Amino acid sequence: MSLFLNQFLKFFFLMTPFFVLSMFLSMTQDWETKQKRKLALNVGASAFIVCTILLFFGRYIFSAFGITLDAFRIGGGALLFLTSVGLVNSNVTDKKPSQQTIDPNSSVSSIAVVPLAIPVTIGPGTTGAMLVIGAESTNWQFQVITLAGVALALTVLTVMLTAASWLEEKLGRNTILILSKLTGLVLAAMASQMVFTGVRSFLVVAK
(Lines give C-alpha, C1' and ligand atoms only; values in the text may rest on other atoms or scores of the structure.)
Protein backbone atom coordinates (compact mmCIF):
# COMPACT_ATOMS: atom_id res chain seq x y z
CA MET A 1 0.00 0.00 0.00
CA SER A 2 2.83 2.39 0.86
CA LEU A 3 4.49 1.67 -2.50
CA PHE A 4 1.23 2.43 -4.30
CA LEU A 5 0.81 5.75 -2.48
CA ASN A 6 4.46 6.60 -3.08
CA GLN A 7 4.12 5.99 -6.81
CA PHE A 8 0.87 7.94 -6.93
CA LEU A 9 2.35 11.01 -5.24
CA LYS A 10 5.54 10.80 -7.28
CA PHE A 11 3.80 10.72 -10.63
CA PHE A 12 1.14 13.21 -9.60
CA PHE A 13 3.82 15.85 -9.05
CA LEU A 14 5.78 14.75 -12.12
CA MET A 15 2.67 15.45 -14.21
CA THR A 16 2.65 19.07 -12.95
CA PRO A 17 -1.13 19.09 -12.41
CA PHE A 18 -1.53 22.81 -11.76
CA PHE A 19 0.50 23.72 -14.84
CA VAL A 20 -1.67 21.34 -16.88
CA LEU A 21 -4.75 22.98 -15.34
CA SER A 22 -3.47 26.45 -16.25
CA MET A 23 -2.78 25.41 -19.83
CA PHE A 24 -6.17 23.68 -20.05
CA LEU A 25 -7.95 26.84 -18.89
CA SER A 26 -5.98 29.01 -21.32
CA MET A 27 -6.76 26.76 -24.27
CA THR A 28 -10.47 26.26 -23.56
CA GLN A 29 -11.73 29.75 -22.88
CA ASP A 30 -15.33 30.18 -24.06
CA TRP A 31 -15.74 26.42 -24.51
CA GLU A 32 -18.95 24.75 -23.35
CA THR A 33 -18.79 22.52 -20.26
CA LYS A 34 -19.57 19.38 -22.28
CA GLN A 35 -16.68 20.07 -24.66
CA LYS A 36 -14.28 20.71 -21.78
CA ARG A 37 -15.23 17.41 -20.16
CA LYS A 38 -14.74 15.54 -23.42
CA LEU A 39 -11.30 17.09 -23.82
CA ALA A 40 -10.36 16.26 -20.21
CA LEU A 41 -11.29 12.60 -20.70
CA ASN A 42 -9.32 12.45 -23.96
CA VAL A 43 -6.25 13.94 -22.27
CA GLY A 44 -6.42 11.42 -19.41
CA ALA A 45 -6.89 8.44 -21.73
CA SER A 46 -4.12 9.54 -24.10
CA ALA A 47 -1.69 10.10 -21.24
CA PHE A 48 -2.43 6.67 -19.75
CA ILE A 49 -1.79 4.93 -23.09
CA VAL A 50 1.54 6.75 -23.45
CA CYS A 51 2.58 5.81 -19.90
CA THR A 52 1.68 2.15 -20.49
CA ILE A 53 3.80 2.04 -23.65
CA LEU A 54 6.77 3.69 -21.90
CA LEU A 55 6.53 1.33 -18.93
CA PHE A 56 6.36 -1.98 -20.80
CA PHE A 57 8.65 -1.12 -23.70
CA GLY A 58 11.25 0.85 -21.74
CA ARG A 59 13.85 -1.93 -21.69
CA TYR A 60 13.60 -2.40 -25.45
CA ILE A 61 14.09 1.33 -26.05
CA PHE A 62 17.22 1.33 -23.88
CA SER A 63 18.53 -1.78 -25.57
CA ALA A 64 17.91 -0.46 -29.08
CA PHE A 65 19.83 2.76 -28.48
CA GLY A 66 22.48 1.32 -26.14
CA ILE A 67 21.61 3.79 -23.36
CA THR A 68 22.49 2.97 -19.76
CA LEU A 69 20.10 3.71 -16.92
CA ASP A 70 22.61 5.98 -15.19
CA ALA A 71 23.12 8.06 -18.33
CA PHE A 72 19.38 8.38 -18.76
CA ARG A 73 18.93 9.38 -15.11
CA ILE A 74 21.49 12.15 -15.52
CA GLY A 75 20.07 13.38 -18.82
CA GLY A 76 16.46 13.03 -17.71
CA GLY A 77 17.20 14.77 -14.43
CA ALA A 78 18.79 17.68 -16.28
CA LEU A 79 15.75 18.04 -18.54
CA LEU A 80 13.41 17.80 -15.56
CA PHE A 81 15.39 20.52 -13.79
CA LEU A 82 15.00 22.79 -16.83
CA THR A 83 11.28 22.05 -16.80
CA SER A 84 11.06 22.97 -13.12
CA VAL A 85 12.90 26.24 -13.78
CA GLY A 86 10.45 26.97 -16.59
CA LEU A 87 7.51 26.35 -14.26
CA VAL A 88 8.89 28.68 -11.61
CA ASN A 89 9.71 31.48 -14.06
CA SER A 90 6.97 31.19 -16.67
CA ASN A 91 3.59 32.86 -16.90
CA VAL A 92 1.08 30.55 -18.54
CA THR A 93 -1.24 33.39 -19.44
CA ASP A 94 1.47 34.67 -21.78
CA LYS A 95 1.22 31.41 -23.76
CA LYS A 96 -2.46 31.69 -24.53
CA PRO A 97 -3.13 30.33 -28.03
CA SER A 98 -4.95 32.30 -30.68
CA GLN A 99 -8.67 31.96 -31.11
CA GLN A 100 -8.15 29.86 -34.26
CA THR A 101 -6.31 27.13 -32.34
CA ILE A 102 -8.96 26.71 -29.66
CA ASP A 103 -12.06 26.20 -31.79
CA PRO A 104 -13.88 23.48 -29.82
CA ASN A 105 -15.52 22.06 -32.94
CA SER A 106 -12.19 21.02 -34.42
CA SER A 107 -9.64 21.01 -31.62
CA VAL A 108 -10.87 18.49 -29.03
CA SER A 109 -9.05 15.55 -30.60
CA SER A 110 -6.15 17.54 -32.01
CA ILE A 111 -5.00 19.22 -28.78
CA ALA A 112 -5.84 16.30 -26.47
CA VAL A 113 -2.74 14.34 -27.48
CA VAL A 114 -0.47 17.24 -28.49
CA PRO A 115 0.20 19.41 -26.59
CA LEU A 116 -1.96 18.61 -23.54
CA ALA A 117 -1.10 14.90 -23.13
CA ILE A 118 2.41 15.25 -24.59
CA PRO A 119 4.44 17.18 -23.53
CA VAL A 120 2.34 19.16 -21.03
CA THR A 121 1.14 16.20 -18.92
CA ILE A 122 3.69 13.55 -19.91
CA GLY A 123 6.82 15.66 -19.83
CA PRO A 124 10.48 14.68 -19.44
CA GLY A 125 10.09 13.77 -15.77
CA THR A 126 7.22 11.32 -16.26
CA THR A 127 8.79 9.95 -19.45
CA GLY A 128 12.13 9.38 -17.72
CA ALA A 129 10.57 7.76 -14.66
CA MET A 130 8.44 5.37 -16.73
CA LEU A 131 11.36 4.37 -18.95
CA VAL A 132 13.68 3.76 -15.99
CA ILE A 133 11.12 1.65 -14.14
CA GLY A 134 10.35 -0.33 -17.28
CA ALA A 135 14.03 -0.92 -18.00
CA GLU A 136 15.31 -1.81 -14.53
CA SER A 137 12.37 -3.75 -13.09
CA THR A 138 11.52 -7.29 -14.14
CA ASN A 139 9.01 -7.69 -11.31
CA TRP A 140 5.60 -7.55 -12.95
CA GLN A 141 3.90 -6.87 -9.61
CA PHE A 142 5.99 -3.73 -9.14
CA GLN A 143 5.13 -2.61 -12.67
CA VAL A 144 1.43 -3.22 -12.10
CA ILE A 145 1.52 -1.23 -8.83
CA THR A 146 3.35 1.57 -10.63
CA LEU A 147 0.79 1.59 -13.43
CA ALA A 148 -2.02 1.65 -10.85
CA GLY A 149 -0.39 4.64 -9.16
CA VAL A 150 -0.10 6.38 -12.53
CA ALA A 151 -3.75 5.57 -13.28
CA LEU A 152 -4.85 7.12 -9.98
CA ALA A 153 -2.71 10.22 -10.60
CA LEU A 154 -4.23 10.62 -14.06
CA THR A 155 -7.71 10.05 -12.65
CA VAL A 156 -7.24 12.86 -10.13
CA LEU A 157 -5.81 15.08 -12.87
CA THR A 158 -8.73 14.29 -15.17
CA VAL A 159 -11.19 15.20 -12.41
CA MET A 160 -9.31 18.47 -11.92
CA LEU A 161 -9.57 19.25 -15.63
CA THR A 162 -13.24 18.31 -15.67
CA ALA A 163 -13.81 20.79 -12.84
CA ALA A 164 -11.37 23.35 -14.27
CA SER A 165 -13.88 26.20 -14.49
CA TRP A 166 -15.08 25.58 -10.94
CA LEU A 167 -11.52 25.45 -9.62
CA GLU A 168 -10.67 28.68 -11.41
CA GLU A 169 -13.73 30.34 -9.88
CA LYS A 170 -12.95 29.12 -6.35
CA LEU A 171 -9.16 29.44 -6.36
CA GLY A 172 -8.55 32.15 -8.91
CA ARG A 173 -6.06 32.07 -11.79
CA ASN A 174 -3.29 33.63 -9.71
CA THR A 175 -3.59 30.93 -7.03
CA ILE A 176 -3.35 28.20 -9.67
CA LEU A 177 -0.23 29.85 -11.09
CA ILE A 178 1.32 30.03 -7.62
CA LEU A 179 0.59 26.33 -7.04
CA SER A 180 2.16 25.58 -10.42
CA LYS A 181 5.33 27.40 -9.38
CA LEU A 182 5.40 25.49 -6.07
CA THR A 183 5.15 22.27 -8.06
CA GLY A 184 8.20 23.46 -9.97
CA LEU A 185 10.17 23.64 -6.72
CA VAL A 186 9.24 20.03 -5.90
CA LEU A 187 10.29 18.96 -9.40
CA ALA A 188 13.63 20.71 -8.96
CA ALA A 189 14.32 18.58 -5.88
CA MET A 190 13.26 15.40 -7.70
CA ALA A 191 15.49 16.33 -10.65
CA SER A 192 18.46 16.84 -8.35
CA GLN A 193 17.84 13.41 -6.81
CA MET A 194 17.72 11.79 -10.25
CA VAL A 195 21.04 13.35 -11.26
CA PHE A 196 22.64 12.50 -7.91
CA THR A 197 21.52 8.86 -8.17
CA GLY A 198 22.81 8.58 -11.73
CA VAL A 199 26.19 10.14 -10.93
CA ARG A 200 26.62 8.04 -7.78
CA SER A 201 25.83 4.79 -9.60
CA PHE A 202 28.14 5.76 -12.46
CA LEU A 203 31.02 6.47 -10.08
CA VAL A 204 30.46 3.14 -8.27
CA VAL A 205 30.58 1.25 -11.56
CA ALA A 206 33.66 3.20 -12.67
CA LYS A 207 35.56 2.10 -9.58
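Is Phe-57 buried, partly exposed or exposed? In this predicted model, Phe-57 comes out as partly exposed, because its relative accessible area is 48%, while Tyr-60 counts as exposed at 51% relative accessibility.

The structure holds four aromatic pairs, and one of them joins Phe-57 and Tyr-60, whose ring centres are 6.2 Å apart with their planes at 50°, so the pair is tilted. Both residues sit in helix α3 (residues 33-65), three residues apart, and are thus separated by about one helical turn.

Another pair brings together Phe-62 and Phe-72, with ring centres 5.0 Å apart and planes at 65°, so this one is edge-to-face. Here Phe-62 lies in helix α3 and Phe-72 in helix α4 (residues 69-89), so the pair ties together parts that are ten residues apart in sequence. Phe-62 itself is buried, at 7% relative accessibility. Elsewhere, Phe-8, Phe-12 and Phe-13 form one aromatic cluster.

Turning to charges, the structure holds three salt bridges, and Asp-70, Arg-73 and Glu-136 are linked in a network of them. Within helix α4, Asp-70 and Arg-73 are three residues apart, about one turn of the helix, and their side chains meet at 3.1 Å, N to O. Arg-73 also meets Glu-136 in a salt bridge at 2.6 Å, N to O, and since Glu-136 belongs to helix α6 (residues 124-136), that pair ties together parts 63 residues apart in sequence. Arg-73 is buried at 14% relative accessibility, whereas Glu-136 is partly exposed at 43%.

Finally, Arg-173 forms a salt bridge with Glu-168, with the closest N and O atoms 2.8 Å apart.

How values were computed
Residues are numbered from 1 along each chain as its sequence is written. This is a predicted model: local features need pLDDT of at least 70, side-chain atom pairs count only at pLDDT 80 or more; totals for chains, interfaces and linings use all residues. Side-chain values use heavy atoms; hydrogens and water are left out. Rings of Phe, Tyr and Trp (its six-membered ring) pair if their centres lie within 6.5 Å; planes under 30 degrees apart count as stacked, over 60 as edge-to-face and the rest as tilted. Helices (H or I, at least four residues) and strands (E, at least two) are DSSP runs, numbered from the N terminus. Buried means under 20% relative accessible area, exposed over 50%, partly exposed in between (1.4 Å probe, protein chains only). A salt bridge is a side-chain nitrogen of Lys or Arg within 4 Å of a carboxyl oxygen of Asp or Glu.
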